[in-house]
Amino acid sequence: MAEPILRVDNLCCGFHTEDGYIRVVDGVSFECEAGKTLGLVGESGCGKTVSALAVMGLLPQPAGVVEEGRILFRGEDLASTSHETMRVVRGQKIGMIFQEPMTALNPVHRVGKQLFEALRLYGSGRDQDEPAVAGGAALGRRNRRGRRLYESRSEKDELTARAVEQLEQVGIPDPVRRLREYPHQLSGGMRQRVMIAMALAGQPDILIADEPTTALDVTVQAQILDLLRELQQARGMTMIFITHDLGVVAEFCDEVLVMYAGRIAERAPVGQLFKMPRHPYTRGLIESLPRMDTPSRTPLNTIEGVVPKLTEMPAGCRFSNRCAYADERCGREVPVLESCAQPGAVGEPRDPKRSGEAQAAEPRDPKRSGEAEAAEPRDLKRSGEGEAAEPRAVRHEVACHHWQRLAA
Ligand SMILES: Nc1ncnc2c1ncn2[C@@H]1O[C@H](COP(=O)(O)OP(=O)(O)O)[C@@H](O)[C@H]1O
Ligand code: SF4
Ligand SMILES: [Mg+2]
């Protein structure tokens, strides 16, 4: 793997609460390869958003704490860098689309005002003394302090032209009119497009998209995914795609990290993960997906039990209270990530041009786990890559004491 653009190493973070300090992300490590999409998947509350906010240096203060770990962006550790550097990194190096566009956009400001702010903060690099957040909270504070959005008529015209261009790039029709509207006047898909425009205002190298399609209906969801894919390919951006939807992961990601209760359960190239899930939790997630060939009225598979409370986590494996394979060792010893790829196995992530292919459907069949480990290298003609990339060793890791038993 080429030198990753972002490397997160043993990230541990949490919150001071009334019940004392609670660690919610526990030793998470991952790398993002330039131009690729890393999926962060796991059920609600497993620490996906908190991990992303820690990367952005935006954990809610004063409660949120990064206890330890390194967040290396192009080799520079963001976890220990100055606030000034982070202001430049946010927005201009790493942009984020926040969960829930309706709450991330400020409802009392027009779209144009919020987009102007984003363009001033990240676009020109002129005004760097505010947290560069593509969302309403920071913008609202700024406006309440009475700062001017522009100093002259010509500056306003320039900002308007750039804002119109941004909205056109994310496929918003009649952008001049939209700039004058308030968020509640836009549809859900339109609001999400505005959030994307704001996150991209500083031309970031990495875009973190936190559940960008969760609140949308499936048709709009597909449109937003298409838009993100187009933007990514046009700009050669790296993406971290946070979702709890495995169908979206199959469609969109190159590599996947499965998180459970603040830790990584499994990581693998996307095709490998669906063909050969090794962690009982990943298997449970994949087996819970509805399948086209399932007879009607067949109940869906579910994972029994619930995620333990943060204050009541088991000492060893956090999945042990729900796992059919758990034994005494699982309750005592924390499993660490280890390689579970077959020696010599090669594989490649998704084909970026497969829009018409049934790639998403392919992984939905968990019963194919007997297939050859060595996936066929796929078409790699995507931005930044050579015409004929070498097949690479599969990097497949799992944190489970008994994965071999499951693989047998
Ligand atoms: N400000 C906060 N104070 C205390 N706990 C929090 C705070 N924000 C998030 N958490 C807890 O951290 C855990 C992880 O949350 P989050 O990262 O948002 O999950 P998700 O995987 O759904 O994105 C959850 O249990 C959540 O309750
Ligand atoms: S270590 Fe593996 S087998 Fe044991 S409880 Fe955890 S997931 Fe199940
Ligand atoms: Mg979240």
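This is a predicted model: local features need pLDDT of at least 70, side-chain atom pairs count only at pLDDT 80 or more; totals for chains, interfaces and linings use all residues.

Tutor: Residues are numbered from 1 along each chain as its sequence is written, while chains are lettered from A and ligands numbered from 1 in the order in which they are written.

Student: How many helices and strands does the protein chain have?
Tutor: Helices (H or I, at least four residues) and strands (E, at least two) are DSSP runs, numbered from the N terminus. The protein chain has 14 helices and 14 strands.

Student: How do I read a sheet?
Tutor: Strands of a sheet pair through backbone hydrogen bonds, either parallel or antiparallel. Here two strands pair if DSSP finds at least two bridges between them. One open sheet has four strands in the order β2-β1-β4-β5, and its pairing is antiparallel. At its edges are β2 (20-32) and β5 (76-77), each with a single partner strand, so one side of each has no neighbour in the sheet.

Student: How many bridges join β1 to β4?
Tutor: Strand β1 (residues 6-17) and strand β4 (residues 64-73) run antiparallel and are joined by eight bridges. To see one pair, find Phe-15, whose bridge partner in β4 is Gly-64.

Student: What is the order of the strands in the sheet of eight?
Tutor: The order is β6-β7-β8-β3-β9-β10-β14-β11, in an open sheet with mixed pairing. The edge strands, β6 (94-97) and β11 (338-339), each pair on one side only. For a parallel case, look at strand β7 (residues 206-210) and strand β8 (residues 238-243), joined by five bridges. There, Ala-209 stands opposite Phe-241 in β8. For an antiparallel case, strand β9 (residues 255-260) has six bridges to β10, and Val-258 stands opposite Glu-266 in β10.

Student: How do I tell whether a residue is buried or exposed?
Tutor: Count neighbours: a residue is buried if 20 or more other C-beta atoms lie within 10 Å of its own, exposed if 12 or fewer, and partly exposed in between, with C-beta atoms placed from the backbone. Of the 408 residues of the protein chain, 42% count as buried. In strand β10 (residues 263-269), seven of the seven residues are buried, so this strand is largely enclosed by the rest of the structure.

Student: Is Ile-71 buried or exposed?
Tutor: Ile-71 has 23 C-beta neighbours inside 10 Å, so it counts as buried. This residue lies in strand β4. Ile-71 and Leu-6 are 65 residues apart in sequence, yet 7.2 Å apart in space, C-alpha to C-alpha.

Student: And is Ala-324 buried or exposed?
Tutor: Ala-324 counts as exposed because it has 10 C-beta neighbours inside 10 Å. Its place is in the loop between α12 (280-287) and α13 (328-332).

Student: Which residues of helix α2 are buried?
Tutor: In helix α2 (residues 83-92), they are Val-89, Arg-90 and Gly-91. Seen down the axis of α2, these buried residues fall within an arc of 160 degrees, so they line one face of the helix. The arc is that of the directions from the helix axis to the C-beta atoms.

Student: How do I read the surroundings of a ligand?
Tutor: A residue is near a molecule or strand if its C-beta atom, placed from the backbone, lies within 6 Å of it. Ligand 1 is surrounded by 14 residues, and the closest are Phe-15, Val-24, Lys-48, Thr-49 and Val-50. The elements giving two or more residues to this shell are β1 and α1 (48-56), and α1 gives the most, with three residues.

Student: Which residues are closest to ligand 2?
Tutor: Of the 13 residues that surround ligand 2, the closest are Cys-317, Cys-323, Ala-326, Cys-330 and Cys-400.
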